[in-house]
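Q: Hi! Could you walk me through this structure in simple words? I'm new to this.

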Amino acid sequence: MQLDLASRDDEFKEVTACMRRLMLNLLGNAKDYSVVPIQGGGSFAMEAALSSFVSRADRPLVCVNGIYGERVLQILRL
C-alpha cells in the first residue's frame with residue numbers, strides 16, 4: 001500500500017467532504033439531506049442502515065435468493 005489515510009488526517013477529511021458533496025449533488029443539492037459515510041464491509045453497512053431505518057413495528061419484505069438475502073433476513077431478525 002502506498003498511502004494510508006486515517007480519519008484524523010487532513011487529506012482524509014478532504015476526501016470525505018468531497019465525497020459527501022458529490023453524493024448531495026446527485027440529490028440536486030437538496031438542503032434537507034445529509035450524507036454520513038459508513039466504513040466497513042457490505043454487511044456492516046447494511047446492518048447500520050437496517051437498524052437505523054427499520055423499526056420493530058415495520059414488516060420489511062426481504063427477497064432471499066442467495067447468501068446476501070439470507071444475511072439481510074438474519075440482521076432484521078436480530
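A: Happy to! Let's begin with one term: a contact means heavy atoms within 4.5 Å. With that in hand, 21% of the contacts in the chain with a separation of 6 or more come from residues 24 or more positions apart. Please keep in mind that this is a predicted model.

Q: Thanks! How many helices and strands does the chain have?

A: The chain has three helices and zero strands. Following the sequence, the pattern reads α-α-α.

Q: And is the chain spread out or compact?

A: The chain is more spread out than a compact globule, because its radius of gyration is 16 Å, well over the 12 Å that the globule rule gives for 78 residues. Along its principal axes, the C-alpha trace spans about 40 × 35 × 20 Å.

Q: What share of the residues count as buried?

A: Of the 78 residues in the chain, 9% count as buried. As for the surface, the chain exposes about 7000 Å², and carbon and sulfur atoms supply 55% of that area.

Q: Let's pick a residue. Is Val72 buried or exposed?

A: Val72 counts as buried because its relative accessibility is 11%, and the cut-off for buried is under 20%. You'll find Val72 in helix α3, which covers residues 67–77.

Q: Which residues is Val72 in contact with?

A: Leaving aside neighbours within four places in sequence, Val72 is in contact with Met46, Leu50 and Val62. For another distance, take Arg56: Val72 and Arg56 are 16 residues apart in sequence, and their C-alpha atoms are 15 Å apart in space.

Q: What about Glu47, where does that lie?

A: Glu47 lies in helix α2, made up of residues 42–53.

Q: How does Glu47 count, then: buried, exposed or partly exposed?

A: Glu47 is partly exposed, since its relative accessible area is 38%.

Q: Switching to the loops: where is Pro60?

A: Pro60 is in the loop between α2 and α3. With a relative accessible area of 40%, Pro60 is partly exposed. Setting aside neighbours within four places in sequence, Pro60 is in contact with Val54 and Leu76. Pro60 and Leu50 are 10 residues apart along the chain, and their C-alpha atoms are separated by 9.9 Å.

Q: And which loop holds Val36?

A: Val36 lies in the loop between α1, residues 10–26, and α2. Val36 is exposed, because its relative accessible area is 65% and exposed means over 50%. From Val36 to Leu26 is 10 residues in sequence and 14 Å in space, C-alpha to C-alpha.

Q: Now cysteines. How many disulfides are there?

A: The count comes to zero disulfides.

Q: Last topic: how many positive and negative side chains does the chain have?

A: There are 9 positive and 9 negative side chains in the chain. The centres of the two sets lie 9 Å apart.

Key:
Residues are numbered from 1 along each chain as its sequence is written. This is a predicted model: local features need pLDDT of at least 70, side-chain atom pairs count only at pLDDT 80 or more; totals for chains, interfaces and linings use all residues. Side-chain values use heavy atoms; hydrogens and water are left out. Helices (H or I, at least four residues) and strands (E, at least two) are DSSP runs, numbered from the N terminus. The radius of gyration is taken over C-alpha atoms; the globule rule is 2.2 Å times the number of residues to the power 0.38. Buried means under 20% relative accessible area, exposed over 50%, partly exposed in between (1.4 Å probe, protein chains only). Accessible areas come from the Shrake-Rupley method with a 1.4 Å probe; for residues, only the protein chains shown count as cover. Lys and Arg count as positive and Asp and Glu as negative; His and the chain ends are not counted. The place of a charge is taken as NZ of Lys, CZ of Arg, CG of Asp or CD of Glu. A disulfide is a pair of cysteine sulfur atoms within 2.5 Å.
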